[in-house]
Amino acid sequence: MKRIICFDIETTGLEYMRGDRCIEIGAVEIADGKITENTFHEYINPDGKIIPPDSYMVHKISNAFLEDKPKMSVIAPRFLEFIGDAPIVAHNGLDFDFKFMNHELEMLGLPIIPRQQQLDSIVIARNRVFGPKSYSLDALAKWYGISLTARADAHGALIDAEILAKVFLELENTAPAPDINDIIADQHAAFLSHPKIGADFPRRTFAVHDEEMANHNALMAKIAG
């Protein structure tokens, strides 16, 4: 069975190096090209880190709600067991989700998610999809006709992971864009095969008249001067 895990996190803020913490993890399994009912979802006590108003307005998760939730030391081992050695997909993950999650794992002395397991759907989309004005998860979902009604009120890690799984399957079925170097090479080959450019085109074999050469030299001198 070929497994792929799509995951998302919600956090107290964007700066994990300044103490921001992960407060929700959601993950969805894709097995043999189909989304399964095997999911992972946990809210996490941020261990005293205060959730600022701007972050609360995004995910609507409060410190009061998280008071009785388990801490990352309990959740992280369960998450690592769930993902196993499967490829992990996150949207804009290379810049955010993987770095944030690996920082949490490092603080606990646990194995991090290795680079060879990390897949970033925004990188895949930029190489396969041409047309959307944005490559955000919302924009790609709309591009593929995937409903966003589940996240109408707020972001949620499991909701976003489910949307990501649907987007990822669409991306897998979208042919990769041709490499620009291949396009240039094809155009160059077509140019050289043109009947007026190729090696078989007849060349001028008679001499240039003196008047023609004089006119040519005068024109070149004018351009140069």
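From the N terminus on, the elements of the protein follow the order β-β-β-α-α-α-β-α-β-α-α-α-α-α. There are 9 helices and 5 strands. Helices (H or I, at least four residues) and strands (E, at least two) are DSSP runs, numbered from the N terminus. The model is predicted: local features need pLDDT of at least 70, side-chain atom pairs count only at pLDDT 80 or more, and totals for chains, interfaces and linings use all residues. Residues are numbered from 1 along each chain as its sequence is written, and side-chain values use heavy atoms, with hydrogens and water left out.

Of the 225 residues of the protein, 39% count as buried. Buried means under 20% relative accessible area, exposed over 50%, and partly exposed in between (1.4 Å probe, protein chains only). Contact means heavy atoms within 4.5 Å. Among contacts between residues at least 6 apart in sequence, 66% join residues at least 24 apart.

The 5 strands form an open sheet in the order β3-β2-β1-β4-β5, with mixed pairing. Two strands pair if DSSP finds at least two bridges between them. The edge strands are β3 (34-43) and β5, each of which pairs on one side only. Neighbouring strands of this sheet are turned by 25 degrees against each other on average, direction ignored. Axes are lines fitted to C-alpha atoms, for helices over the stretch in contact, and angles run from 0 to 180 degrees between N-to-C directions.

Strand β1 (residues 3-11) is mostly covered, with 9 of its 9 residues buried. In a regular strand the side chains alternate between the two faces of the sheet. From β1, R3, I5, F7, I9 and T11 point one way. I4, C6, D8 and E10 point the other way. β1 pairs with strand β2 (residues 22-31) in the antiparallel sense, over 9 bridges. In this pairing T11 stands opposite C22 of β2. β1 also runs parallel to strand β4 (residues 88-90), joined to β4 by 2 bridges. Here I5 stands opposite I88.

β2 and β3 run antiparallel and are joined by 7 bridges. G26 stands opposite H41 in β3. α3 packs on the sheet and touches β1, β2, β3 and β4; its direction makes about 170 degrees with that of β3. The two strands β2 and β3 form a hairpin with 2 residues between them. D32 in the turn has a positive phi of about 50 degrees.

Helix α4 (residues 97-107) is mostly covered: 8 of its 11 residues are buried. These are D97, F98, F100, M101, N102, H103, E104 and L105. The buried residues of α4 pack against β1, β2, α3 (72-83), β4 and β5 (118-120). Just after α4, G109 takes a positive phi of about 70 degrees. Helix α5 (residues 121-128) lies across β4 and β5, running at about 50 degrees to β5.

H91 sits in the loop between β4 and α4. H91 counts as buried because its relative accessible area is 14%. Leaving aside neighbours within four places in sequence, H91 is in contact with D97, D120, S121, I122, Y135, S136, L137, L140 and L164. The C-alpha atoms of H91 and L119 are separated by 8.4 Å, although the two residues lie 28 residues apart along the chain.

The largest pocket holds about 550 Å³ of space. Pockets were located on a 1 Å grid over the protein atoms alone: a pocket is an open set of points where a 1.4 Å probe fits, with protein on both sides within 12 Å along at least five of seven lines, and lining residues have an atom within 4 Å of a point. Grid points are joined across faces, edges and corners, and a volume is the space filled by probe spheres set on the points. The largest pocket is lined by 23 residues, of which D8, I9, E10, F96 and H155 lie nearest its centre. The elements giving two or more residues to this lining are β1, α1 (53-59) and α6 (137-143). The lining residues divide into 7 nonpolar, 9 polar and 7 charged. Ala, Val, Leu, Ile, Met, Phe, Trp, Tyr, Cys and Pro count as nonpolar, Asp, Glu, Lys and Arg as charged, and the others, Gly among them, as polar.
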